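Subject: Structure handover

Hello,

The structure is below, followed by notes on what was found in it. Please read the notes with the model open.

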Amino acid sequence: MPKLNSYLNFNGTAEEAFRLYRSVFGGEFLGEIYRMNTAPGTENLSDEEKNRVMHIALPVGNDLLMGSDIIPGFGQQLVAGNSNYVSVFPDSREEAGRIFSALSEGGVVEMPLEEQFWGDYFGSCQDRYGIFWMINYNEEYLK
C-alpha cells in the first residue's frame with residue numbers, strides 16, 4: 001500500500017514555518033535542511049534565493065511533513081489557496097487543544113475547536129504561513 005505524506009510550499013518562510021511545526025509536534029528534522037545553494041544550476045540566483053530551503057522533512061508519528069520554498073528566479077510562484085489541508089488526529093483532547101492553539105496563533109481560525117454535531121472535537125485554521133490545518137479528535141479513531 002502506498003504511503004501519502006504532505007508536502008508544503010512557502011515563499012521564503014519554509015525554515016521558519018518548520019521550526020514552528022517542530023515545536024508543535026516535537027521530534028527532529030529528518031536529515032539536514034537542504035538549501036538551494038547546494039544544488040547545481042543555481043549560480044544565477046540571488047543570494048536570498050540561494051539561501052532558500054530546497055527540502056526539509058519532519059517526522060510526525062509514522063508520517064513525514066515535508067516542504068520547501070519556491071524559487072522566483074526559476075519562474076515559480078506561490079499560489080496560496082484552500083484546496084489542501086493538513087489533517088491532524090491527536091491522541092487526546094488536551095493535545096488537540098495544544099496543537100490547535102499553537103497552529104492558529106497569528107493565523108486565522110476558520111472553525112473553532114469544539115464539539116461538533118457529528119461527535120468529533122474538531123477545528124480548522126490557517127496558520128501564519130498560509131497553511132490550512134484540520135485538528136480532529138475522536139476517541140473511537142484511537143481504538
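W133 has a relative accessibility of 0%, so this residue counts as buried (under 20% relative accessible area is buried, over 50% exposed, and partly exposed is in between, with a 1.4 Å probe and protein chains only). This is a predicted model, in which local features need pLDDT of at least 70 and side-chain atom pairs count only at pLDDT 80 or more, while totals for chains, interfaces and linings use all residues. Residues are numbered from 1 along each chain as its sequence is written, and side-chain values use heavy atoms, with hydrogens and water left out.

Aromatic rings

The structure has eight aromatic pairs (rings of Phe, Tyr and Trp, the last by its six-membered ring, with centres within 6.5 Å; planes under 30 degrees apart are stacked, over 60 edge-to-face, and the rest tilted). One of them is the tilted pair of F25 and W133, with 5.9 Å centre to centre and 35 degrees between the planes. This pair links distant parts of the chain, since F25 is in helix α1 and W133 in strand β8 (residues 132-137), 108 residues apart. Helices (H or I, at least four residues) and strands (E, at least two) are DSSP runs, numbered from the N terminus. W118 and F122 make an edge-to-face pair, at 5.5 Å centre to centre and 65 degrees between the planes. W118 is partly exposed, at 39% relative accessible area, whereas F122 is buried, at 11%. Ring pairs also join F10, F18, Y21, F25, Y129 and W133 into a cluster.

Salt bridges

There are six salt bridges in the structure (a side-chain nitrogen of Lys or Arg within 4 Å of a carboxyl oxygen of Asp or Glu).

- R19 and E15: their side chains meet at 2.6 Å, N to O. Both residues lie in helix α1 (residues 14-25), four residues apart, about one turn of the helix. R19 is partly exposed at 36% relative accessibility, and E15 is partly exposed at 22%.
- E28 and R22: the closest N and O atoms of this salt bridge are 3.7 Å apart. E28 is exposed, with a relative accessible area of 56%, while R22 is partly exposed at 24%.
- R93 and E115: the side chains form a salt bridge at 2.1 Å, N to O. R93 lies in helix α3 (residues 93-104) and E115 in strand β6 (residues 108-115), so the pair ties together parts that are 22 residues apart in sequence. R93 is partly exposed at 36%, as is E115 at 48%.

Salt bridges with shared partners join E15, R19 and R35 into one network. R93 also lies over the face of Y121, at 3.7 Å from the ring centre (a charge sits over a ring if NZ of Lys or CZ of Arg is within 6 Å of the ring centre and within 35 degrees of the ring normal).

R35 is in strand β2 (residues 34-35) and counts as buried, at 16% relative accessibility. The side chain of R35 reaches the backbone oxygen of N51 at 2.9 Å. Apart from neighbours within four places in sequence, R35 is in contact (heavy atoms within 4.5 Å) with E15, K50, N51, R52, V53 and M54.

L64 sits in strand β4 (residues 63-69) and is partly exposed, at 23% relative accessibility. With neighbours within four places in sequence left aside, L64 is in contact with N5, S6, L30, A57, L58 and P59. The C-alpha atoms of L64 and L45 are 29 Å apart, and the two residues are separated by 19 residues along the chain.

The chain as a whole

The protein chain has three helices and eight strands, in the order β-α-β-α-β-β-β-α-β-β-β along the sequence. Its C-alpha atoms fill a box of roughly 55 × 30 × 30 Å, taken along the principal axes. Of the 143 residues in the protein chain, 37% are buried. Among contacts between residues at least 6 apart in sequence, 52% join residues at least 24 apart. The protein chain exposes about 8,400 Å², of which carbon and sulfur atoms supply 50% (accessible areas come from the Shrake-Rupley method with a 1.4 Å probe; for residues, only the protein chains shown count as cover).

Regards

Key:
A polar contact is a pair of N or O atoms within 3.5 Å; within protein, one must be able to donate a hydrogen and the other to accept it, and residues adjacent in sequence count only if both atoms are side-chain atoms.
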